[in-house]
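Subject: A structure for you to explore

Hi there,

Here is the structure I promised to pass on. Open it up beside this email and follow along as you read.

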Amino acid sequence: FIEGYAPPPSLIIVGAGHIAIALTAFAKTLNYHVTIIDARSAFATRERFPNADDILVEWPDEVLEQMDLNPSVSIAVLTHDPKFDEPTLEVVLKKPLGYVGAIGSRKTSEERAERLKQRGLTDEQLSHIHAPIGLNLGGRAPEEIALAIMAEIVSTRYSKDETAIKNWSRK
């Protein structure tokens, strides 16, 4: 007999800021494999992320292009910088991921979506971005924002958020 197992859930965090530190702690508590990717070596350090499984000091879009990304992978784009965010989203929206979230206000998210359309992404691809990232819990501190992000990732994993339910009902 052969028994198949789903790969363990993993979270790739693009951007090694304060929210990423708290998000790593929540994800590890929930048994996610956590990878931090940031091109800025001053931020992506073992001292800042002692619990991360992997820390990659590379341009996110370049390393993600080479990674085996599948539906058990969630990606949180937290850099606040279009030069990192947009190339990253351009790569990951072409992959079969379980979750893609990007930080930014509604206005920032709309402007980013317009620029990504100009880069050739479709409305269907853009509809997979959870932006603004996280459930609206009303939090402001990095830890509260991280909690909202992890809650949305878990909700999406189990198809409990509105976007996932809408997408599921279209199938």
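This is a predicted model: local features need pLDDT of at least 70, side-chain atom pairs count only at pLDDT 80 or more; totals for chains, interfaces and linings use all residues.

How many bridges join strand β4 to strand β5, and which way do the two strands run, parallel or antiparallel? There are 4 bridges between β4 (residues 73-77) and β5 (residues 99-102), and the strands run parallel.

In total, 6 strands form an open sheet with parallel pairing, and their order is β3-β2-β1-β4-β5-β6. As a reminder from class, strands of a sheet pair through backbone hydrogen bonds, either parallel or antiparallel. Look next at the two edges, where you will find β3 and β6 (129-130). Each has a single partner strand, so one side of each is left without a neighbour in the sheet.

**Helices on the sheet**

Helix α1 (residues 18-29) packs on the sheet and touches β1 (10-14), β2 (33-37) and β4. The direction of α1 makes about 180° with that of β1. Another helix to find is α6 (residues 142-157), which lies across β1, β4, β5 and β6. Helix α6 runs at about 155° to β5.

**Aromatic rings**

The structure holds 1 aromatic pair. The pair is made of W59 and F84, with ring centres 4.8 Å apart and planes at 25°; planes under 30 degrees apart count as stacked, so this pair is stacked. W59 lies in the loop between β3 (54-56) and α2 (60-66), while F84 belongs to helix α3 (residues 82-92), so the pair ties together parts that are 25 residues apart in sequence. Are these two residues buried or exposed? W59 counts as partly exposed, at 37% relative accessibility, whereas F84 counts as buried, at 6%.

One more ring is worth a look: the charged end of R40 sits over the ring of F43, 4.5 Å from its centre.

**A proline to finish**

Last, find P9, in the segment before β1. With a relative accessible area of 12%, P9 is buried. Which residues is P9 in contact with, leaving aside its neighbours within four places in sequence? They are N31, Y32, H33, S72 and R157.

Best wishes

Terms used:
Residues are numbered from 1 along each chain as its sequence is written. Side-chain values use heavy atoms; hydrogens and water are left out. Rings of Phe, Tyr and Trp (its six-membered ring) pair if their centres lie within 6.5 Å; planes under 30 degrees apart count as stacked, over 60 as edge-to-face and the rest as tilted. Buried means under 20% relative accessible area, exposed over 50%, partly exposed in between (1.4 Å probe, protein chains only). A charge sits over a ring if NZ of Lys or CZ of Arg is within 6 Å of the ring centre and within 35 degrees of the ring normal. Two strands pair if DSSP finds at least two bridges between them. Contact means heavy atoms within 4.5 Å. Axes are lines fitted to C-alpha atoms, for helices over the stretch in contact, and angles run from 0 to 180 degrees between N-to-C directions.
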